[in-house]
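Please open the model in your viewer and keep the sequence panel beside it. The tour moves from one selection to the next and says what is found at each stop.

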Amino acid sequence: MRKSEKLKFIYDRLKELYGIPECPLKHETAFQLLTAVVLSAQCTDVRVNLVTPELFAKYGTPEKMAAAAPEEIAGVIRSVGLYQTKSRSLHGLAAMIVERFGGEVPRTMAELLMLPGVGRKSANVLLGNAFGIPGFPADTHVQRLLTRLGVASKRDPVMAEREVCKNLAPEYWTDFSHLLITHGRRCCSARNPECGRCPLRQECKFER
Ligand code: SF4
């Protein structure tokens, strides 16, 4: 099977299994999704969803977040890991959105990468989930699955992103990332992959 065929096969099998998962980070606007994505670094989505209702009620727009002191933001997100660094990032990115982008979250990879605390994975989450612009968010979990399945050759999320974007049609990118993350959580964990019940085992290169 060529790599492009294999990626589409994996996408189809995971879609059969899980349907199309929704973005797990609760949000109503692009800015709120951006806020949640920054908070989710090295933190569970469940934990992020516990703090964002209060955070969005107080600082749910770029203008309100930019007007708040990082210490005030930190007071609301204290239960999230790295909360001091993240409060400075949220304040900084909100100020940049207000001052440089007219209060609107930018819609290009290059502009999103200018924002404090935003890397390629976060930018791709925004593009795909907030703006409907194809993006393939790849983190270490997505990269681990793609490497085990033999479709990413390098142990690097950016290289995994390139492999997928080169070999799978753009309309599948955003959902494919959600599906891989879901499969990682439910079946293919880092330490204890449950290969015996995995529908992808015939295609998988992972050796235990
Ligand atoms: S066969 Fe095992 S290693 Fe491969 S994707 Fe399934 S659970 Fe993961």
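Which residues surround the ligand? Select R148, L149, C187, C188, P193, E194, C195, C198, L200, R201, C204 and F206, which together surround the ligand; a residue is taken as near a molecule if its C-beta atom, placed from the backbone, lies within 6 Å of it. This shell divides into nine nonpolar, no polar and three charged residues, where Ala, Val, Leu, Ile, Met, Phe, Trp, Tyr, Cys and Pro count as nonpolar, Asp, Glu, Lys and Arg as charged, and the others, Gly among them, as polar.

Before going further, note that this is a predicted model, in which local features need pLDDT of at least 70 and side-chain atom pairs count only at pLDDT 80 or more, whereas totals for chains, interfaces and linings use all residues. Residues are numbered from 1 along each chain as its sequence is written.

**The whole chain**

Now show the protein as a cartoon: there are eleven helices and zero strands, helices (H or I, at least four residues) and strands (E, at least two) being DSSP runs numbered from the N terminus. The C-alpha atoms fill a box of roughly 55 × 30 × 30 Å along the principal axes. The radius of gyration, taken over C-alpha atoms, is 18 Å, which agrees with the value near 17 Å that a compact globule of 208 residues would have; the globule rule is 2.2 Å times the number of residues to the power 0.38. Of the 208 residues, 38% count as buried, and a residue is buried if 20 or more other C-beta atoms lie within 10 Å of its own, exposed if 12 or fewer, and partly exposed in between, with C-beta atoms placed from the backbone. Among contacts with a separation of 6 or more, 59% join residues 24 or more positions apart; two residues are in contact if their C-beta atoms, placed from the backbone, lie within 7 Å.

**Two domains**

Colour residues 3-21 + 135-203 as domain 1 and residues 30-130 as domain 2, bounds that come from an automatic or database domain assignment. Taken over C-alpha atoms, the centres of the two domains are separated by 27 Å. Their contact takes ten residues from domain 1 and seven residues from domain 2. On the side of domain 1 that touches domain 2, α10 (157-167) and α11 (173-186) each supply at least two residues, and the largest share, three residues, comes from α10. By class, that side of domain 1 has six nonpolar, two polar and two charged residues.

Select residues 30-39, helix α2, where nine of the ten residues are buried. The buried residues of α2 pack against α3 (45-59), α4 (62-67), α6 (83-100) and α8 (120-130).

Next, display the largest nonpolar core, of 30 residues, within which L34, V37 and L126 have the most contacts. Such a core is a set of buried Ala, Val, Leu, Ile, Met, Phe, Trp, Tyr and Cys residues joined through C-beta atoms within 7 Å. The elements that give two or more residues to this core are α2, α3, α5 (70-76), α6 and α8, and its largest share, seven residues, comes from α2. Centre on V37, which touches L25, S122, V125 and L126, not counting residues up to four places away in sequence. Apart from this core lies another, of 20 residues, among them A138, V142, V164 and F176.

**Helix α9**

Move to residues 140-148, helix α9, whose buried residues are V142, Q143, R144, L145 and L146; the buried residues of α9 pack against α10 and α11. L145 counts as buried because it has 26 C-beta neighbours inside 10 Å, and it touches L180, H183, G184 and C188, not counting residues up to four places away in sequence. Following α9 is G150, whose phi is positive, near 80°.

**Two loop residues**

Where do positive phi values occur in residues other than glycine? Q42 has a positive phi of about 55° and lies in the loop between α2 and α3, where it counts as exposed because it has 9 C-beta neighbours inside 10 Å. L82, with phi near 60°, is placed in the loop between α5 and α6 and is partly exposed, with 15 other C-beta atoms within 10 Å.
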